[in-house]
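Trainee: I am new to this structure. Please take me through one part of it closely, a strand and its partners.

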Amino acid sequence: MTACHQRPPGTGGGTAADLPVVALVGRPNVGKSTFLARASGRFAETGNAPGTTLFAERRRVGSRNRAGEAWLVDLPGTTSLADRPAGTEPFWRLLLAERPDAILVVADAGDLARHLPLILACRDLGLPIVVAANLADEAAARGVELDTGRLAQLLVAPVQLTVGRDGRGVARALDEAIRLARRRRDALAGASPRGTGRAAIHPAAIELRIEAEARSFATAGPPIGARSLGAAAIDEDGLGALVASGALSARGAATLRLADVLEGPRWEVARRWADQVERRRTDGESGTSTKVDRLARLSTAPWPGLPLFVVVALASLLVTMLVGGWLAAVLGSAWTAAVSPLLTVGVHTLVPQPAIASALLWGLDGGLIALVSVGIPYVLTFYLVLALLEDSGYLTSAAVLTDRLFNLVGLPGRAAIPLLAASGCNVPAIYGTRVLATRRERLIASLLVTMTPCSARSAVVVAALAPIAGPGVALAAFGVIALLTIGGGVLANRMIPGRQPALVLELAPLRRPLLPHVVAKAWSRFEGFVRSAAPVMLAGSIVLGILYETGLVWPVAVVIDPLVGGWLGLPAVAGLALVFAFLRKELALQLLVALAVVQYGAAAANLATFMTPAQLFVYVVVASVSVPCVATLATLAAEFGWRAALALSGTTLAIALGAGGILARLLGVV
Amino acid sequence: MPRAHPVLTLAELPVGSTALVTAVGAEHGPALAREGLGPGATVTVDAHAPFGGPLLVGVGRARLAVARSVAATVEVAPSAPAAPPDRPFRP
């Protein structure tokens, strides 16, 4: 969680640090990110699936009238303050780490009973709140009218109807929040006493319990410095320190500690209040929304939901492959025609030593062309398809349909998203495992991801087997790889301690995707891919170039021969190609041919002259399943740490070698 | 507390039926409460996902997927199959 460090230190004289902070809080799928985009004039990564905003993000926003500027902090969608939407930390900790001066709660104007409990929980913290009753257009279309005046009376807080998609009411809600935040800032500067000044809403017994808990905070230990949130660990949940620092009222802390006790009573109040402020028209106006509701129901029913899922999944892959393939051909040939000759001439002019120049060209020309002809076409296309599915709300339907199947490997249905992404490129798929709830689930999913052939490895399987042994054999190789992947998942589910949390998930409503959002989201993810994968791919290419051009690859052959020759029954050059494909997976085949030509002469350009179809089968299975490429390894390390990254890679290597040896014996290679 | 009749759980309700939640087991109580599935809530069973997958239930305007093992901890009392006002197409 870096968000709490982004805030400039409070130097007193500065402007940014003096700005009041408004936190944006809301349940998943309430359109909070779209709301933020409207409020700040930029598109946040939005998604019509729970939990796309995983980390707090702050933006400086200016109000149109006198309310002035403020920091607007976007937080992950959450069902309650005690929920853990980002994995380990309870939401209230993320929220209070931002030290908000006011909370802008985004709620669904059409389903107040469901959103009021979170509003009430925020109100209980003792911070000023403003309610944005969002999705007001959808509510109106369904014939739901909200008495915002009455709701404001009940909450003792401003309520504003808003439509995030077109911006209606957003500025007004924000102004109100900034005004309250500034007022609290000024009051604190003058060291005014804090009070909530709100009427008790719960039954007497519960109010008494809150009061008793609050008194325990008022008398708790010595005050701790205002900025030492880190010291909060002294009192177990850190609430005492927050009260002492003035970030939270004693009553607020008490309501956080009693969160589970208060949840039920809050829903009671919510049902009662919603009845008072909602008016439902029952004339036939709600035709469009019921059509959408019915569609949502059909999408999760076994019929026609399951066939629809198969069609959508295949269509997504087909679109990615077709558009990606076309783009790859166009960009690849453009690069070869226009850029490669220039690069070759340029490098040879600048670097007179031919060996060093060649090594550099491996990286600059070979590495960049891989990025241009694999990365951009397949990964970007896939991100667009994924963002479209996500924004339409269909992904949660798919997750429900496949849930039981994924349970077999200890994963929820949501894991379908990163695994689908893995067939494009493993790197973004590993980031994609963030949609999963626990580290355990993320590790299992990441193992499956690294064993799933990406577009580069799929190309190797097809190119090695189809021309020599026929497309059927290539398909069989994919079957074996799929079985090994599932086996790896079952194994990981048994080996990694812990168990799968049982599923309770709100389904995203189906909505028409907003094209600018889809493009903005796909682009922001693609930028992430280029930033993280590209440098590693280029560095790997240059290292491979140096090893190849200097002949340093050959001594390795001697070391690995017992394993490669004895266990897998493959020629030494194949072993070398397997080892060094780590640096460039998509070159697993070209590398094999290049090394073979050096060793056996020009005739070896044809694979069939030095390897049998059975040997090639063993080779592609081992190459595809074993050790992810260097970019994937770096991503695993960044997400889970080096120990876990090496353990995952070691597991894939063990599975690949084990299966390779068995295949070699079954196919009569050894 | 002794019971004269066996308790009915959400997992046993037929598709299309509506019921009132009377009690929720301690283990999943908080998670269910946050989704509005606590005592006093009215639920409608929309569908059962294939392959023994989760139950799809309606709570107010929202639709939830609830694992069968979790649904088995939710005690319910069947209520009249009156459609909520915003679901007019359901009989």
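Mentor: Start with strand S2 (residues 57-62) of chain A, which pairs with S3(A) in the antiparallel sense over 6 bridges. Strands are DSSP runs of E, at least two residues long, numbered from the N terminus. Two strands pair if DSSP finds at least two bridges between them. This is a predicted model: local features need pLDDT of at least 70, side-chain atom pairs count only at pLDDT 80 or more, and totals for chains, interfaces and linings use all residues. Residues are numbered from 1 along each chain as its sequence is written, while chains are lettered from A and ligands numbered from 1 in the order in which they are written.

Now pick out one bridge. A:Val61 has A:Ala70, in S3(A), as its bridge partner.

S3(A) has another neighbor. Strand S1 (residues 21-26) of chain A pairs with S3(A) in the parallel sense, over 4 bridges. There, A:Leu72 of S3(A) stands opposite A:Val22.

Next, look at burial. Strand S3 covers residues 69-74 of chain A, and 5 of its 6 residues are buried, so the strand is largely enclosed by the rest of the structure. Buried means that 20 or more other C-beta atoms lie within 10 Å of a residue's own; exposed means 12 or fewer, and partly exposed is in between, with C-beta atoms placed from the backbone.

Strand pairing also links the two chains. Strand S9 (residues 504-506) of chain A and S4(B) pair in the antiparallel sense over 3 bridges. Here A:Leu505 has B:Ala65 of S4(B) as its bridge partner.
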